[in-house]
Amino acid sequence: NFGCREISNTDDIQVQQNIAFRTAGHCFVLKSGMENGIVLRGNLGSQTHQSENTNVPATFFIVNPANKTIERNVAAGSEGDGFRIVFGKVRNNDLGDNSLLMADNIAHSNRLNGFRYEMDPGYSSSIPITIQNLKAYRNSGLGLYVHIDSSTPLVVKSSRLVDNRGGIFVDRTQKVTIQDIHLVGQSPYLALTEQTHDLTEENRLCDGNGYFGIQLAPPISASFSSKISNIQASGFFAADNS
């Protein structure tokens, strides 16, 4: 199948308890960013493949997530990202506000990132973007990748990231709060799996060597500030440079 559920320029729609398997292109899609009152709840997307229109598909592709509820969804085995969230300015209104509820979503076994947050050029918000209660594990890229405007505050909290090549990578923003995070570079289960199976380098997800839990790459600015607290980390080892 091509795609799963696409909503464009429509308000007050609920998409709940759907299963999409072996589809091509972006799967659950909020396309224009002009949708309001949308609920995506309890949906499963598995094995989202590339298509003629995109070679980096996302199981959940959400443009302008404000005024939407996105909760308890699962993205598994995408050839691109699990969740891709794009903030932008539509209807000449700043919709980057607290009306977004995005919580308790899971992304695992995706070829790129579990969760990817980004902004359209020239867009910013004075209200913090809050990412909470996510679970990301066994993604070949990052558990959480955030690339937003430098002036937009970011809060990441109460999340669990396990067996990803990188845990949390934040690019550009100058105001970052990360708290109550559980990070595991290489779990005992993954270590046993890689020891007992003849995996190619492409399929070898993570050996813990040289991989990171949290990395910030802010612009060079005197106004940069960050607060990182209550982080539980395990399964990270010193890189073998021999």
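This is a predicted model: local features need pLDDT of at least 70, side-chain atom pairs count only at pLDDT 80 or more; totals for chains, interfaces and linings use all residues.
Local features need pLDDT of at least 70 and side-chain atom pairs count only at pLDDT 80 or more, while totals for chains, interfaces and linings use all residues. Residues are numbered from 1 along each chain as its sequence is written, and side-chain values use heavy atoms, with hydrogens and water left out.

**View 1. The disulfide between Cys-4 and Cys-27.** The structure holds 1 disulfide (a pair of cysteine sulfur atoms within 2.5 Å). The S to S distance between Cys-4 and Cys-27 is 1.7 Å, and the link is left-handed, with -100° about the S-S bond. Cys-4 lies in the segment before β1 (5-7) and Cys-27 in the loop between β3 (19-24) and β4 (28-30), 23 residues apart. Strands are DSSP runs (E, at least two residues), numbered from the N terminus. Cys-27 is buried at 1% relative accessibility, whereas Cys-4 is partly exposed at 21%. Buried means under 20% relative accessible area, exposed over 50%, and partly exposed in between (1.4 Å probe, protein chains only).

**View 2. Strand β10 (residues 81-87) and its partners.** Because 7 of the 7 residues of β10 are buried, the strand is largely enclosed by the rest of the structure. Strand β7 (residues 58-63) runs parallel to β10 and is joined to it by 5 bridges; strands pair if DSSP finds at least two bridges between them. Phe-60 has Phe-83 in β10 as its bridge partner. Another 5 bridges join β10 to the parallel strand β13 (residues 115-119), where Arg-116 is the bridge partner of Arg-84.

How values were computed: Helices (H or I, at least four residues) and strands (E, at least two) are DSSP runs, numbered from the N terminus.
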